[in-house]
Amino acid sequence: MTTPPVEQAPIRSATDVNLSDWNFWARSQEEREHAFRLLRELDRPAFFEEPEVTFAQTRGIGYHALVRHADILEASRNPEVFCSGDGGATSILDMPAELAEYFGSMINMDDPRHARLRRIVSRAFTPRMIKQFEADVDAAAVRIVDELLATGTGCDFVTEVAAKLPLKIICDMMGIPEKDYGFVFDRSNIILGASDPEYVSDRGGIAHALLTAGMELQQLVQDLAVHRLENPTDDLTSSLVNANIDGERLTAQELGSFFILLVVAGNETTRNAISYGMRLLTLNPGQKRLWLEDVEGRAAGAVEEIVRLAAPVNFMRRKVTRDHVMNGNLYRQGEKVVLYYWSANRDERVFDDPLRFDILRAPNPHVGFGGPGPHFCLGAHLARREITVMFRELLRRVPRIEAGEPERLFSSFINGIKHMRCDF
């Protein structure tokens, strides 16, 4: 099921743009790029009323849309002014308490609680630790391409290729058995695709669907955690439930929320980057030939450029803790700002010809993994590794693969692709 197209007037000026209108997110990528360019040209960030959401208790006073690269860098560097924990970072509207309980992992926290959780879990995501997973990532990518070739001529690239690698790696890291992969995949789709009728058909039932999916994922890992306390193994769940770092360990609630963060952020965002990367290579055959000339040597730059243009997470929200002047503009205590990473990655002030896909682009200071500061993506090293290995296998073994027109996720939060035919 897809979102039906809505007849919309063309966007001619910034006054025609309303980021809180759900219909805006049904527009084509080209229309959105034009709209955000108009917003970046304004003298100060545009201010919008908050969107109407069925499960919201109240609508707030609105928010400033930070669309320039410089504003997002500055806000990210100042978490004491632009905080994440007051109402949550992943929703423009303040989240109801019952939803915050299940989706309130580190992204929705400030220090000192954020620092405590990150200190406990970050040891699993250092470059040294990621190196231990390299063989698993390599083997998984080989198997996925084996299965792709066995299909004959093509398949749905998203579900059969892009989604499989991060899903397997995250589940294997946590010790989730293969029989539960589909369960995890479906629930993560509901959490990030709740506004899309393919995943939640009843608009009035979004809150219930979100809460149920969150509870089910939490229960899955909490049941595993109970078993790992008595029967520890070398998986991440065992490490987390048995960890005692400076006298600190995760509670069952914290473990469940962290697992949701892992499967949602680590699974969905990486699969969307891989999907967009395949589409970008199809639309830019010259760049594909360039990468094929030196698959290993040009991988790092190509991956960064894919993440820049894919920008799988459209935004994060912050709330202003005190009156503050940033880049010449005053933000008052209690106001909200929304950091549009997707727009910052297309900022003409930073990126030459920003809509061009250029695997040799250097420097490439994108914010596809978030801005600098305490909320920079914990799994960035793992995501880069997964994208690198997946394209290495595809380019070497299926060099003529091409992606068709993507079917995009209807969401203001995730820049996602649900389905995309590939042929080879």
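This note covers the aromatic pairs, the charges over rings and the strands around them in a predicted model.

1. Basis. Local features need pLDDT of at least 70 and side-chain atom pairs count only at pLDDT 80 or more, while totals for chains, interfaces and linings use all residues. Residues are numbered from 1 along each chain as its sequence is written, and side-chain values use heavy atoms, with hydrogens and water left out.

2. Aromatic pairs. The search of the whole structure gives 13 aromatic pairs. Rings of Phe, Tyr and Trp (its six-membered ring) pair if their centres lie within 6.5 Å; planes under 30 degrees apart are stacked, over 60 edge-to-face, and the rest tilted. One of the pairs is Phe82 with Tyr331, edge-to-face, at 6.1 Å centre to centre and 75° between the planes. This pair links distant parts of the chain, 249 residues apart: Phe82 is in strand 3 (residues 82-83) and Tyr331 in strand 7 (residues 329-331). Helices (H or I, at least four residues) and strands (E, at least two) are DSSP runs, numbered from the N terminus. Phe82 and Tyr331 are both buried, where buried means under 20% relative accessible area, exposed over 50% and partly exposed in between (1.4 Å probe, protein chains only).

3. Phe315 and Tyr340. Their rings form a tilted pair, with 5.8 Å between centres and 55° between the planes. Phe315 belongs to strand 5 (residues 315-320) and Tyr340 to strand 8 (residues 336-340), 25 residues apart. Both Phe315 and Tyr340 are buried. They also belong to a cluster linked by ring pairs, together with Phe24, Trp25, Phe36, Trp342 and Phe413.

4. Charges over rings. A charge sits over a ring if NZ of Lys or CZ of Arg is within 6 Å of the ring centre and within 35 degrees of the ring normal. The charged end of Arg346 is placed over Trp342, 3.9 Å from the ring centre. Arg308 lies over the face of Phe351, at 5.0 Å from the centre of that ring.

5. Strand 5. Six of its six residues are buried. Phe315, Arg317 and Lys319 point one way from the strand, and Met316, Arg318 and Val320 point the other way. In a regular strand, side chains alternate between the two faces of the sheet.

6. Strand pairing. Two strands pair if DSSP finds at least two bridges between them. Strand 5 pairs with strand 3 in the antiparallel sense over two bridges, and Val320 is the bridge partner of Phe82. Strand 5 also pairs with strand 8 in the antiparallel sense, over five bridges; there, Met316 stands opposite Leu339.
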